[in-house]
Structure formats: C-alpha cells, structure tokens
Amino acid sequence: CKVNTNKLKMNKFSWFLTSTFIHFWTTRTKMTTKISDIDYTVEAPQKHQNLDLFLPKHTTSLPPLVVYIHGGFWLDRDKQEYSHIGEEMTKHGYAVAIVNYRRSVRFYPSDVIHPQHTLDLGASLVFLAENKQNYSYDKNRIYLISHSCGSHMLSLIVLNPSRYLPLSPPTHEIMAKIKGCMCVQGLFNLETLLRDFPHYTTEVEFAFTKDKSTWISPQNLQPESHTNKQIKWVLVHSPEDPWVNNTQTIDFASHLIMHGFSSVKVIENISGKHNEIVEQLGKEKNTLLPVVLEFLSQ
C-alpha cells in the first residue's frame with residue numbers, strides 16, 4: 001500500500017493554517033471584553049435605553065472612555081451596527097461605550113419626540129461619568145464621538161447641560177470629565193438643513209413634531225454657565241457626503257469660536273459618503289481612523 005506523501009503534506013499544511021488562524025482569532029477576541037445591553041436608566045428602563053461597553057484587556061492603567069453616539073435621523077440605526085468601532089478602538093487601548101437611545105417612528109404622533117432622544121443620551125453620559133459599577137475605565141477622561149444627528153444631540157448637551165442632563169450629580173462635575181467632542185458629518189442647524197435639503201422635512205417632523213418652535217438647533221444656542229469651554233472640538237466633514245453639506249460644519253465651528261471655545265478644529269481632507277465613513281472605520285483605506293486617534297491622543 002503506497003502512501004500519498006503529497007496529500008499528507010497538504011493535510012499537515014492545512015492543519016497548520018487552520019490552527020494558526022484559530023490561535024490568531026482567539027488571541028484577537030481576548031483583547032476585548034464586551035458587556036452588552038447595560039441599562040443606563042435607574043427606573044423602568046425602556047427599549048433602547050441601554051449601551052454596549054467594550055473594555056480592553058491587559059492594560060496597565062485605566063483607559064480613557066470613548067462614547068460613540070450613532071446617527072439615523074432620530075429614527076433609525078442601532079448600537080449593534082457599530083460594534084466594530086468598539087472592537088477597533090480597544091485595540092488601540094481605549095474603552096468604548098456604544099450608546100442607544102429611544103427613537104421616533106415614521107408616523108404621527110410618535111411616542112418619542114424631541115427632547116426625549118437627547119435626554120436619553122444625557123442619562124447615559126451621567127451613568128458613564130459616575131461609573132458606580134466600577135467598570136475598568138477612567139471616568140475622568142471621557143471623549144464623545146458622534147455621527148450625523150448624534151452630533152446634534154451631543155452639541156445640545158454640551159452647550160446647555162443643565163437642560164439635558166439629570167439634576168444630580170451637579171452638572172459642572174459631569175462636564176469637567178468630558179475632554180473632547182468629535183462630530184462626524186454633523187447636523188447642527190435644522191433651518192439651513194431643510195433649506196438645502198427640503199425633502200428631509202418629513203423626517204424632522206417625525207422627530208420634532210410639525211411645531212417649528214420645537215426645532216431647536218445647537219447653531220442657535222448660547223453656551224450656558226456650566227458649559228466647559230476647555231473641551232476640544234474636532235468637526236469632521238467628508239466632501240463626498242451627498243446627504244449633508246459642509247455648511248453645517250463650517251457654520252457651527254464659527255459659532256463655537258465666537259462663543260469662546262478654546263480649541264475648535266475643522267477637518268475636511270477625508271473621504272467617504274455619509275454612512276460609509278463610520279461603517280468602515282478601521283478597514284483598509286478608511287481615512288477617519290487616523291483622525292480619531294489623533295483627536296484622542298492630544
């Protein structure tokens with residue numbers, strides 16, 4: 001009986017490749033601890049009032065916390081779609097919270113309307129800043145990264161924290177822990193958004209009602225006394241975005257500078273369409289990741 005040595009060699013080689021891949025994947029997944037569906041409200045949490053937490057393993061000190069706030073026009077998207085951001089950033093030594101919030105629906109009247117989305121986000125930030133559960137991250141170094149309408153909510157909170165954060169603990173204590181805000185393809189002015197893209201009117205009405213007096217925009221707000229003007233801002237806009245133009249970013253940057261924020265930076269030399277730019281974070285040729293890492297390292 002003859003033994004096919006070539007076949008044996010191939011089998012050994014295949015086994016080697018398989019075992020190497022399994023070892024690599026196991027090692028890679030062990031770099032991150034994921035805790036899913038953490039409720040951030042104290043009493044009777046509703047659907048979507050939760051977050052996923054990604055913690056890097058094998059760190060010598062408590063890592064800073066990155067909070068990611070997704071977009072979706074207050075109507076769509078879910079934290080599960082952005083797990084890749086948590087996994088990517090933990091590889092670079094950061095803890096990451098991917099936050100959900102209650103969303104409006106596409107019919108009248110919606111059970112969830114402004115300011116409920118933003119109040120949910122505010123509750124999640126207080127939960128993370130207090131860290132009563134002692135998760136392994138530095139609660140005194142928090143960085144906020146938002147996309148699209150997430151930037152609208154983030155900016156409302158930072159400019160008017162006493163309106164959108166819970167009354168306890170003191171607002172200034174929470175704001176002092178936020179070190180930076182990055183807004184990607186952000187929405188900051190509903191009036192100019194609908195002037196330039198009138199077909200968005202229905203979506204805005206679902207989230208804010210048809211009463212235009214409720215259409216509050218960060219662009220029109222003056223920072224209140226509790227606002228931390230030492231927070232550094234990085235506003236990112238890809239010129240390839242067909243859904244939101246750079247007027248939103250440029251005008252809001254001027255607004256922040258006019259009101260005395262000490263560090264405001266606009267970045268437009270990146271590529272990617274509106275959703276693509278965050279959906280492909282960490283993938284080959286994605287230009288956002290280096291910008292994020294620079295923002296966090298400063």
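**Close-ups of a predicted model**

**View 1. Asp-120 sits in helix 3 (residues 116–130).** Helices here are DSSP runs of H or I with at least four residues, and strands are E runs of at least two, both numbered from the N terminus. This is a predicted model, so local features need pLDDT of at least 70 and side-chain atom pairs count only at pLDDT 80 or more, while totals for chains, interfaces and linings use all residues. Residues are numbered from 1 along each chain as its sequence is written, and side-chain values use heavy atoms, with hydrogens and water left out. Asp-120 counts as buried because its relative accessibility is 3% (buried is under 20% relative accessible area, exposed over 50%, partly exposed in between; 1.4 Å probe, protein chains only). Its side chain makes a polar contact with the side chain of Arg-102 at 2.8 Å (N or O atoms within 3.5 Å, one able to donate a hydrogen and the other to accept it; residues adjacent in sequence count only if both atoms are side-chain atoms). Setting aside neighbours within four places in sequence, Asp-120 touches Tyr-40, Gln-49, Tyr-101 and Arg-102 (contact: heavy atoms within 4.5 Å).

View 2. After helix 9 comes Gly-260, with a positive phi near 90°.

**View 3. Eight strands make an open, mixed sheet in the order 1-2-4-3-5-6-7-8.** Strand 1 (32–39) and strand 8 are the edges, each pairing on one side only (pairing takes at least two DSSP bridges between two strands). Strand 5 (residues 138–147) and strand 6 (residues 178–184) run parallel and are joined by six bridges. Within strand 6, Ile-178 is the bridge partner of Ile-142.

**View 4. Helix 11 (residues 288–297) packs on the sheet.** Helix 11 touches strand 3, strand 5, strand 6, strand 7 and strand 8. Its direction makes about 160° with that of strand 6 (axes are lines fitted to C-alpha atoms, for helices over the stretch in contact; angles run from 0 to 180 degrees between N-to-C directions).
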